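Hi there,

Here is the structure I promised to pass on to you. Please open it beside this email and follow along.

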Amino acid sequence: MIGDKKVLFSGMQATGNLTLGNYLGALMNWVKLSDEYECFYSVVDMHSITVRQDPAELRARARKLLMLYIAAGLDPEKNCIYFQSHVSGHAELAWILNCFTYMGELSRMTQFKDKSAKHADNINAGLFTYPVLMAADILLYQADVVPVGIDQMQHLELTRDIAQRFNGIYGDVFTVPEPYIGKVGAKIMSLQDPSKKMSKSDENPNASIYLMDDPDTIMRKFKRAVTDSLGAVRYNEEEQPGICNLIDIYVACTGKTREETVAEFDGKGYGDFKTAVGESVVERLRPLQERVADLAKNKDYVDRIIKENAEKAQYASSKTLRKVQKKVGFPEKIR
Ligand code: TYM
């Protein structure tokens, strides 16, 4: 708790261009929850270097992502929006937690298996211990809730295990966090292969809607989206995974229910439906894209947010870090 509010933590990697999956699975829920909780939203740039990055590009992307958080509707005066690398406690706590995490646990992580298959020439130790840094992010702020998409559930379960293990040895040091998974949009699938999740790193640009795609591109990608030959808009996961994905996107963007959507397109063809889904996404993203463009012109304002929130996050995290250091037996600093 901070004051009378529970704490929320979440983060996104500044790798690649954000997709509609990131927005509907995470960012949109962050905005929904932001009044109720004391929130920390981090641009997790330290996680990004587990895969080789171009430094100038990473710097630019990280800043753009921070602006996107604000543009999506998070008030940076009320929510702590900051770069992970600006707060030293993340790395310090991650080291300690590394010593409370087992190799077996980490080798079971599906994201590690996927990424090491994709980057076979660079299977570094950071890629392996990535989930421990993620646990440190969350536990450092004593987060009660962590809004994420379904793909991050395994990491969150590991975070809970690490927290419980540590608490079992040293007493109640960490709050054990709960995941928050939205009702719709928690797993947005590729538009070209609805058995795969929509991903920033997909090589086929038609598979993903990027948050900065212009309206024509968005409409074109939806027109090309893979469906089926049944020709009826129904929520049938087994036989119509592509249509189900489009229904979920439409539901998340319009606030309508799945039933209302199916009724709305009863008797209509896929062409009409795809156009409606595309338009709902264009309208959702339009204000966000405009605000990013405004923020990009306002360097001093963004700089102030970066500085003030880094200080706020550093302060908020230092209490937990000191407590943990004391618990494990590090000598106290002489002040
Ligand atoms: P990342 O950067 O891959 O994704 C950011 C958020 O977007 C969600 N997401 C999706 N949701 C629905 N459908 C999709 N197709 C889709 N793709 C991505 C993810 O679930 C995530 O919520 N390890 C994390 C970043 C992280 C983090 C943390 C998150 C680091 N530390 C602490 C929460 C708390 C990651 O790589 O997310």
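On the domain 1 side, Leu-20, Tyr-23 and Ala-71 supply 53% of the area buried against domain 2, more than any other three residues.

Before going on, please note that this is a predicted model, where local features need pLDDT of at least 70, side-chain atom pairs count only at pLDDT 80 or more, and totals for chains, interfaces and linings use all residues. Residues are numbered from 1 along each chain as its sequence is written, and side-chain values use heavy atoms, with hydrogens and water left out.

Where are the domains? Domain 1 covers 7–180 + 299–328 and domain 2 covers 215–293, with bounds from an automatic or database domain assignment. Their centres, taken over C-alpha atoms, are 31 Å apart. Nine residues from domain 1 and 10 residues from domain 2 take part in the contact (heavy atoms within 4.5 Å).

Between the two domains there are zero salt bridges (a side-chain nitrogen of Lys or Arg within 4 Å of a carboxyl oxygen of Asp or Glu).

Now for the ligand. For Asp-151, an N or O atom in the side chain is 2.4 Å from an oxygen atom of the ligand. Gln-152 has a side-chain N or O atom 3.0 Å from a nitrogen atom of the ligand.

Happy exploring!

How values were computed
Buried area = accessible area lost by both parts, 1.4 Å probe. Polar contact = N/O pair within 3.5 Å; in protein donor to acceptor, adjacent residues only side chain to side chain.
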